[in-house]
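Reader: I have a model open on my screen and would like to learn how to read it. Could you take me through its features step by step?

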Amino acid sequence: REQGLPVDVLPGPSAVLTALAGSGLPATPFYFGGFLPVKSGQRLRELETAAARGCTSVYFESPHRLHKTLKAATESEALSAVTFCVARELTKIYEEYRLGTASELLEHYLNKPPKGEICLLLSPA
């Protein structure tokens, strides 16, 4: 990725490792948190905890909640220096890795609603 070359990741038993390898974010150590909490306050606290963790964090997120999650992240000072990666539809024809700040990703996905399975990754702040 650093040299601008495409990276194709072969699937393993879990989308977590595929997303981690394909994102280009630091891979060791990493934290996997499963699905983000449904309640908005708990979800924001989990994201802020992830930013302070000191390693890349990986979560599953619903395409229906991604906008709310990214919007909440834009409003948190603790998440302003964090690089997010939305990894979706891994190993499928519409596979996508999109990296940026929460506000950059929010703008993109407001214009192009996300579909499919999503892994949301956060770099350490």
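Reader: Let me start with Thr 56. In which strand does Thr 56 lie?

Author: Thr 56 lies in strand 2. Please keep in mind that this is a predicted model.

Reader: Which residues is Thr 56 in contact with, leaving aside neighbours within four places in sequence?

Author: Its contacts include Leu 20, Leu 25, Pro 26, Pro 29, Phe 30 and Tyr 31. Leu 121, Leu 122, Ser 123 and Pro 124 are also in contact with Thr 56. Look at Ser 123 in particular: it is 67 residues apart from Thr 56 along the chain, and yet their C-alpha atoms are separated by 4.7 Å. The side chain of Thr 56 also reaches the backbone oxygen of Pro 26, at 2.6 Å.

Reader: What about Ser 57?

Author: Ser 57 has its place in strand 2 too. With 0% relative accessibility, Ser 57 counts as buried. Leaving aside neighbours within four places in sequence, Ser 57 is in contact with Tyr 31, Ala 50, Leu 120, Leu 121 and Leu 122.

Reader: How many of the residues of strand 2 are buried?

Author: Five of the six are buried, so strand 2 is largely enclosed by the rest of the structure.

Reader: Now the sheet. In what order do its strands come?

Author: A general idea to begin with: in a regular strand the side chains alternate between the two faces of the sheet. In this structure, five strands form an open sheet in the order 1-2-5-3-4, with mixed pairing. Strand 1 (30-35) and strand 4 (96-100) stand at the edges with a single partner strand each, so one side of each has no neighbour in the sheet. On average, and ignoring direction, neighbouring strands are turned by 20° against each other.

Reader: How many bridges join strand 1 to strand 2?

Author: Four bridges do, and the two strands run parallel. You can find two of the pairs on your screen: Tyr 31 stands opposite Ser 57, and Phe 35 has Phe 60 as its bridge partner in strand 2.

Reader: Which residues of helix 3 are buried?

Author: An α-helix has 3.6 residues a turn, so residues three or four places apart point the same way. In helix 3 (residues 66-74), the buried residues are Leu 66, Thr 69, Leu 70, Ala 72 and Ala 73. Seen down the axis of helix 3, they fall within an arc of 160°, so they line one face of the helix. Among the elements that cover them are helix 2 (40-52), strand 2 (56-61), strand 3 (84-88), helix 4 (102-111) and strand 5 (118-122).

Reader: How do I read a nonpolar core?

Author: In soluble globular proteins, nonpolar side chains tend to be buried together. The largest nonpolar core here has 19 residues, and Leu 66, Leu 70, Leu 79, Phe 84, Val 86, Leu 120 and Leu 122 touch the most other members. Helix 2, helix 3, strand 3, helix 4 and strand 5 each supply at least two residues of this core. Its largest share, four residues, comes from helix 4. There is also a second, separate core of 12 residues, which includes Leu 20, Val 58, Ala 87 and Leu 121.

Reader: What does Phe 84 touch?

Author: Not counting residues up to four places away in sequence, Phe 84 touches several residues, including Ala 73, Leu 79, Leu 99, Leu 105 and Leu 120.

Reader: Finally, which backbone details deserve a look?

Author: Start with the cis peptide bond that joins Thr 28 and Pro 29, where omega is about -15°. Pro 29 lies in the loop between helix 1 (15-23) and strand 1. Then go to the loop between strand 3 and strand 4, which holds Glu 89 and Thr 91. Glu 89 is not a glycine, yet its phi is positive, at about 55°. Thr 91 likewise has a positive phi, near 65°. At 16% relative accessibility Glu 89 counts as buried, whereas Thr 91 is partly exposed, with a relative accessible area of 43%.

Notes:
Residues numbered from 1 in each chain as written. Predicted model: local features only at pLDDT ≥ 70, side-chain atom pairs only at ≥ 80, totals over all residues. Heavy atoms only, no water. Buried < 20%, exposed > 50% of the residue type's maximum accessible area, 1.4 Å probe, protein only. Arc of directions from axis to C-beta. Contact = heavy atoms within 4.5 Å. Core = buried A, V, L, I, M, F, W, Y, C linked by side-chain atoms within 4.5 Å. Polar contact = N/O pair within 3.5 Å; in protein donor to acceptor, adjacent residues only side chain to side chain. Pairing = 2+ DSSP bridges. Axes fitted to C-alpha atoms, helices over the stretch in contact; angles between N-to-C directions.
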